[in-house]
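User: Hi! I have a structure here and would like to go through it with you. Can I show it to you?
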Amino acid sequence: MKEYSFGEVKKITIGNVTARRSSGWVNNVYRIDTLDDHGMKITEEYKLFNSSNILERLLIFRDRDLNEISVLQTYQKEP
C-alpha cells in the first residue's frame with residue numbers, strides 16, 4: 001500500500017474519517033498535508049540537518065477555527 005503519493009492529492013480513510021492527503025518537497029523540506037471532512041488539518045514536515053545526522057519532524061494540528069498546536073521532534077543518528 002502506498003500511503004503517500006508524491007505530488008498528488010488523494011482521498012484516504014483513517015478509521016471512520018475521510019480526508020484528502022498531499023505530499024511533496026518544499027525547498028529542502030518534505031511536507032505532508034492531511035485535511036479531513038471536518039476541517040481538521042495535520043501538516044507534517046521532515047528536514048535533515050548536519051550532513052543528514054539529525055532529522056527534524058514538525059507536526060502542526062489545526063482545527064477549522066485555525067487554532068493550532070505544533071510539536072517539534074528531533075532525532076539524532078547514533079555514531
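User: How many aromatic pairs does the count come to?
Analyst: The count comes to 1 aromatic pair. The rule is that rings of Phe, Tyr and Trp (its six-membered ring) pair if their centres lie within 6.5 Å; planes under 30 degrees apart are stacked, over 60 edge-to-face, and the rest tilted. Before we go on: this is a predicted model, where local features need pLDDT of at least 70 and side-chain atom pairs count only at pLDDT 80 or more, while totals for chains, interfaces and linings use all residues. Residues are numbered from 1 along each chain as its sequence is written, and side-chain values use heavy atoms, with hydrogens and water left out.

User: Which residues form the aromatic pair?
Analyst: Trp-25 and Tyr-30, in an edge-to-face arrangement with 5.2 Å centre to centre and 65° between the planes.

User: Is Trp-25 buried or exposed?
Analyst: Trp-25 counts as exposed because its relative accessibility is 54%. Tyr-30 has 17%, so Tyr-30 counts as buried. The cut-offs are under 20% relative accessible area for buried and over 50% for exposed, with partly exposed in between (1.4 Å probe, protein chains only).

User: Where does Trp-25 stand in the strands?
Analyst: Trp-25 stands opposite Tyr-30 in β3. Strands β2 (residues 17-26) and β3 (residues 29-36) run antiparallel and are joined by 8 bridges. Strands are DSSP runs of E with at least two residues, numbered from the N terminus, and two strands pair if DSSP finds at least two bridges between them.

User: Which residue is the bridge partner of Arg-20?
Analyst: That is Leu-35, in β3.

User: What sits between β2 and β3?
Analyst: Their hairpin has 2 residues between the strands, and Asn-27 takes a positive phi near 55° there. The hairpin of β1 and β2 also has 2 residues between the strands, with Gly-15 at a positive phi near 65°. β1 and β2 pair in the antiparallel sense over 5 bridges, and Ile-14 stands opposite Val-17 in β2.

User: OK, zooming out: what is the order of the strands in the sheet?
Analyst: The sheet is open and has 6 strands in the order β1-β2-β3-β4-β5-β6, with antiparallel pairing. Its edge strands are β1 (10-14) and β6 (68-76), each pairing on one side only.

User: New topic: where is Ser-52?
Analyst: Ser-52 is in the loop between β4 (41-49) and β5 (54-62). At 43% relative accessibility, Ser-52 counts as partly exposed. The C-alpha atoms of Ser-52 and Lys-77 are separated by 8.3 Å, and these residues are 25 residues apart along the chain.

Key:
Helix = DSSP H or I, 4+ residues; strand = E, 2+ residues; numbered from the N terminus.
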